[in-house]
Number of protein chains: 4
Amino acid sequence: MKPVDPEFRARVTESFKRQSIMGLLGAELTRIDAGLVEVTLPYRADLCQQHGFFHAGVTSTIADSAGGYAAYSLFPAGAAVLTVEFKINLLAPAKGEKLVAIGAVINPGKTLTISDVEVHAVSGAETRLCAKMQQTLIRRDGAEIED
Amino acid sequence: MKPVDPEFRARVTESFKRQSIMGLLGAELTRIDAGLVEVTLPYRADLCQQHGFFHAGVTSTIADSAGGYAAYSLFPAGAAVLTVEFKINLLAPAKGEKLVAIGAVINPGKTLTISDVEVHAVSGAETRLCAKMQQTLIRRDGAEIED
Amino acid sequence: MKPVDPEFRARVTESFKRQSIMGLLGAELTRIDAGLVEVTLPYRADLCQQHGFFHAGVTSTIADSAGGYAAYSLFPAGAAVLTVEFKINLLAPAKGEKLVAIGAVINPGKTLTISDVEVHAVSGAETRLCAKMQQTLIRRDGAEIED
Amino acid sequence: MKPVDPEFRARVTESFKRQSIMGLLGAELTRIDAGLVEVTLPYRADLCQQHGFFHAGVTSTIADSAGGYAAYSLFPAGAAVLTVEFKINLLAPAKGEKLVAIGAVINPGKTLTISDVEVHAVSGAETRLCAKMQQTLIRRDGAEIED
């Protein structure tokens, strides 16, 4: 996919840093391409649900950011991204050393952009698809984000 | 709705305490009825997305627990609950002093239970519906949670 | 909810008539209020899945129109409605004399409107909730519908 | 993917024929592999929404059958498939000579199976992705389908 803003990597990186929840969880941006963004989250004992796996909401949080920034990477400078909605299937227990969420735009648009996100649970050499999200994002001018 | 386990409140409370992410976020169980559970999350600056609102993933996290425990409250003792999938619409900016997620079972079942969750953003006397989730939960025996 | 166009009933009725699939299925508009539209579909043996119940896609078709026209009823004259996406849970076998889909706007907006739709299976005096949809609609000017 | 029932093609074909709605719409099974099923629907003027495109519910109907039979192809003989829920994004106007829905299992399971479905609008040599579905199916014994 073709980015309209050649500085999209700096723009994504800067916005991600302002997502304070990413710092709290310990999530990191590990790949930024045009229309494809990866977020990695190392395991910590305080990110879990009642059985000691990553909580579905934590999985959703990094998936939402990966898909949202995949869309944002294709936006012009000055635009903002907001999540309209997403749907996520939890396919397997989210357990392992880390989660890796890969968000990819499947339908870019002037107003709405659709992303697909896969979340993989990684333990040593083993990787398992543990969640899949389908997500709708909206592009707004910076001044419209309250609407 | 009729609970099969009269001790459902203690069971929900105990399981919620084991969700370590709730402690990290500062979320609290504020209501437990049969088929209806409420989770409240006070605002903190480290729970946000890039514009200073609660991150959609944080909203989803408390919504997922509210809907999941609403289902769990109707299960027999010894059963476990896992989220199969959910879909959430972010209707308005999630900003204010706190978020309140109210999960309600709309279709209980032997295997699958469906919950609806509303998340309200509260600021002083003002309350605004900021997210709505439709969620599918599965009941498992305690021994099956790895599957 | 307040309609901006006092002629919304005529506008919904006229647009529904142009949905040729409604004629093929035998679906009818049975209620039009501002932000709330009902579509009724009598049982026919050629609307079914492999077990003789209404096909999930048929249930979705009338639910999509009910929710879409609930949104459309709040639009100004000259605007068009398109479905962005929806999610539907099939809660119980869709069997009986007729299906009744009730679409209700839960969040109207300038660009996006969110509707909830319930589908009930009716047999004599018995009514059972058999499906629930959460749906996102977009408002377009008449000239933009190709985009 | 490995089918457990070597007669899965005959089983899918036979069940599809019992879906009476497929006959009404004019939809045909055009590919059956283990975990992958394609359904094709030629354009007809009575399958449309108000602007003359295929109705979103019609698109959903063939997508639901494609994804459901992709799951069913992996089931043992004697099992039944029911749709638990699905979410579909309508990405582009569904217009053209025909729609082709390709359903592919992404996570087979003993109880629940998850399929992804892409729907393409085809006009001459041109093909455009017009819808994407993420779907949850449940496997039941033949005797349980009322539950």
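**Reading the contact between chains in a predicted model**

Modeller: The side chains of Lys87(C) and Glu85(B) meet in a salt bridge, 2.8 Å from N to O. Lys87(C) lies in strand S3 (residues 79-90) of chain C and Glu85(B) in strand S3 of chain B, so the pair joins two chains. This is a predicted model, in which local features need pLDDT of at least 70 and side-chain atom pairs count only at pLDDT 80 or more, while totals for chains, interfaces and linings use all residues. Residues are numbered from 1 along each chain as its sequence is written, chains are lettered from A and ligands numbered from 1 in the order in which they are written, and side-chain values use heavy atoms, with hydrogens and water left out.

Biologist: How many salt bridges does the structure hold over all chains?

Modeller: Side chains of opposite charge can pair when their charged atoms come close. The rule asks for a side-chain nitrogen of Lys or Arg within 4 Å of a carboxyl oxygen of Asp or Glu. Over all chains, the structure holds 36 salt bridges. The interface of chain A and chain B has 2. Glu85(A) forms a salt bridge with Lys87(B), and the closest N and O atoms are 2.7 Å apart.

Biologist: Which element gives the most residues to the side of chain A that touches chain B?

Modeller: Helices (H or I, at least four residues) and strands (E, at least two) are DSSP runs, numbered from the N terminus. S3(A) gives the most, with 11 residues. S3(A) also pairs with strand S3 (residues 79-90) of chain B in the antiparallel sense over 5 bridges; pairing requires that DSSP find at least two bridges between the strands. Lys87(A) has Lys87(B) as its bridge partner in S3(B).

Biologist: What area is buried between chain A and chain B?

Modeller: The size of an interface is often given as the accessible area lost when the parts come together. Here the buried area (accessible area lost to a 1.4 Å probe, summed over both parts) is about 3300 Å², of which carbon and sulfur atoms give 53%. In chain A, Leu24(A), Gln50(A) and His55(A) lose the most area to chain B, together 18% of what that side buries. Counted as contacts (heavy atoms within 4.5 Å), 41 residues of chain A meet 41 residues of chain B.

Biologist: What is the mean pLDDT of chain A?

Modeller: Where pLDDT is low, the predicted coordinates should not be read in detail. On this scale of the predictor's confidence in each residue, from 0 to 100, chain A has a mean of 96, and 96% of its residues reach 70 or more. The model scores ipTM 0.96 and pTM 0.97.

Conventions
Buried area is the accessible area (1.4 Å probe) that two parts lose on being put together, summed over both.
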